[in-house]
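Hi,

Here is the structure I promised to pass on. My notes on the rings and one of the helices follow below.

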Amino acid sequence: MTRRITDMRRSGEPLPAGMYRRKRPMRIAIVDDCAPDAKTLEDAIRSHLDKRGRTCEICRFRGGDDLFETTDALAFDLVFLDVFLDGANGIDIAERLRRENYPGLIIFTTVSSEHAVDGFRVRAFHYLTKPFTPNDIAAALDEAVRDILDQCYQQAVEVIKASR
């Protein structure tokens, strides 16, 4: 039976050296039609991940059409998605991501909590209500990084099992 990194950390068990380390920067998409909000979010993400010693690539999109026009829309580790966008609803964009088998995490950012239940129906990882604080973003990012590292660890374990 495989164990999650967080379980191993709690128990004090040593972690397999380098097995769960990411070899590439975290890829993050921000989908928000309000440029100042997107810039503020990007700056907060970069600042927090930099403090944690993590590198990232951030791409900003004004809406779902822009996101899906990119050739690697499904390759982001994490998508910050505004619910209220001009011409589209963030929930609809998330549904399309899931229909196209997007395996990453989705964090909704919005001015209202009225769509929170819809957000979790599309397996949202988190739901942040604007205006959010740097601490809100930090907490969501730390949780997302833990989840992504756990996924990397589980994939490494599966590779090792398959090679035996």
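At the start of α4, which backbone nitrogen does a side-chain oxygen of Asn89 reach to? The answer is Ile91, with the oxygen within 2.6 Å of that nitrogen. Helices here are DSSP runs (H or I, at least four residues) and strands likewise (E, at least two), numbered from the N terminus.

Before going on: this is a predicted model, where local features need pLDDT of at least 70, side-chain atom pairs count only at pLDDT 80 or more, and totals for chains, interfaces and linings use all residues. Residues are numbered from 1 along each chain as its sequence is written, and side-chain values use heavy atoms, with hydrogens and water left out.

Back to α4 (residues 90-99): its buried residues (under 20% relative accessible area, 1.4 Å probe, protein chains only) are Gly90, Ile91, Ile93, Ala94, Leu97 and Arg98. They span an arc of only 160 degrees (taken from the directions from the helix axis to the C-beta atoms), so they sit on the same side of α4. Just after the helix, Asn101 has a positive phi of about 65 degrees.

Now the rings. Phe, Tyr and Trp rings (six-membered for Trp) pair if their centres lie within 6.5 Å; planes under 30 degrees apart are stacked, over 60 edge-to-face, the rest tilted. That gives 2 aromatic pairs. Phe61 and Phe76 have centres 5.9 Å apart and planes at 80 degrees, so they are edge-to-face; both are buried. Phe108 and Tyr127 come out at 6.1 Å and 50 degrees, so that pair is tilted, and both of these are buried too.

Cheers

Methods
Buried < 20%, exposed > 50% of the residue type's maximum accessible area, 1.4 Å probe, protein only. Polar contact = N/O pair within 3.5 Å; in protein donor to acceptor, adjacent residues only side chain to side chain.
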